[in-house]
Amino acid sequence: MGVEVTVDGLTKSFGRQLIWRDVTLTLPKGEVSVLLGPSGTGKSVFLKSLIGLLRPERGRIVINGVDLCSCPERELYEIRKLFGVLFQDGALFGSMNLFDNVAFPLREHTKKSETEIRRIVLEKLEMTGLAGAEMKLPGEISGGMRKRAGLSRALVLDPEIILVDEPDSGLDPVRTAYISQLLIDLNAQMDATILIVSHNINVARTVPDNIGMLFRKDLVMFGPREVLLTSDEPVVKQFLSGSRIGPIGMSEEKDSATMAEEQALVDAGHHDGSTEDMRGVVPQIEPTPGLPFRDAVRRRKERVLRILHTLPPLAQHGILASLSREERAAYGIRPLATHRQHGGTP
Ligand SMILES: Nc1ncnc2c1ncn2[C@@H]1O[C@H](COP(=O)(O)OP(=O)(O)OP(=O)(O)O)[C@@H](O)[C@H]1O
């Protein structure tokens, strides 16, 4: 089963450039979380900090009681074995076929026999839909297949925490939907803690149990998916609708004069770049029929219902609306009062 990751007061700079400060969040064990944020807000830097490739100046990252930010190199090496990482481009060795790429961590870090390695590699390739492609070179396959090969390699040491950097980058919407399904299926099979970094709205709306967002060097929010998906925060609203109108600018945040000018243009009928209001809680992707039920869903339900009273009303409503009649009875919850949601859902 996956482990909990606790991040407390984390701050990272490069020289005089502050990337983010005082980031505090908990990745609940075995749950899937997404970290959103406009380009350049330091999402990849956050992933690299989690595995100890970068060392933040302040704060703690605690896994199994060990603080990665202050522990000795030997302990960090041991904790890193809990992680499987899918980097943006798959980070495959171009001269090795998929079999050898996926076998690489097993040959480097274990004393397993070639027979055992073969069994594991073929199993992971099968799990990611790449059975039969083991002799192909990375240059001979599509971007989506390279992502899945990178994922196979991230799985071979049976990680308890899986970090995924932009699973959708370079993929069309259909291939993105397939990789979203694959991540949920893997979570159902392995119960690993998963953190996905992305700016894809569909991934954010349909995949995770929890969502966070980085903006202006801060973690704007992190919590149950229903909180961000129903949020009224201007930056979240703008991000979810893909609009030019709001605090996020072309490369940096905007000043209030620019925001007022842009709003005036839209008020005069100019297109704001968005397609539709993407706020509101939509159903989460479920594992492919035949795969196990996600234990994380049950654990999350219990956790979220314990903190329900602390959440905003729309988020509460989204959570309660996702419960079946039997669950409502089991948790002693009264029938739902009607409450208007964003996106017109009553
Ligand atoms: N090793 C490094 N040395 C100096 N600056 C770095 C280093 N790594 C990242 N940065 C800077 O940190 C900032 C955040 O980069 P990062 O790649 O984490 O952003 P991101 O949110 O993942 O962006 P995107 O969504 O475009 O991938 C950028 O300004 C980048 O130039």
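Two strands are taken to pair if DSSP finds at least two bridges between them, and the strands (E, at least two residues) and helices (H or I, at least four) are DSSP runs numbered from the N terminus. The model is predicted, so that local features need pLDDT of at least 70 and side-chain atom pairs count only at pLDDT 80 or more, while totals for chains, interfaces and linings use all residues. Residues are numbered from 1 along each chain as its sequence is written.

**Strand β7 and its partners**

Strand β6 (residues 83-86) pairs with β7 in the parallel sense over four bridges, and β7 is in turn joined to strand β8 (residues 193-197), also in parallel, by five bridges.

| Partner of β7 | Bridges to β7 | Sense |
|---|---|---|
| β6 (residues 83-86) | four bridges | parallel |
| β8 (residues 193-197) | five bridges | parallel |

Within these pairings, L86 stands opposite V164 in β7, and D165 stands opposite V197 in β8. From β7 the chain passes through helix α6 (residues 173-190) to reach β8, in a β-α-β crossover that is right-handed (with the strands pointing away from the viewer, the path from the first strand over the helix to the second runs clockwise).

Strand β7 (residues 161-165) is mostly covered, with five of its five residues buried (20 or more other C-beta atoms within 10 Å of the residue's own, C-beta atoms being placed from the backbone). I161, L163 and D165 point one way from the strand, whereas I162 and V164 point the other way.

**The ligand shell**

The residues surrounding the ligand include F14, I19, K43 and H199, and helix α1 (residues 43-50) supplies the largest share of this shell, three residues.

Conventions: A residue is buried if 20 or more other C-beta atoms lie within 10 Å of its own, exposed if 12 or fewer, and partly exposed in between; C-beta atoms are placed from the backbone. A residue is near a molecule or strand if its C-beta atom, placed from the backbone, lies within 6 Å of it.
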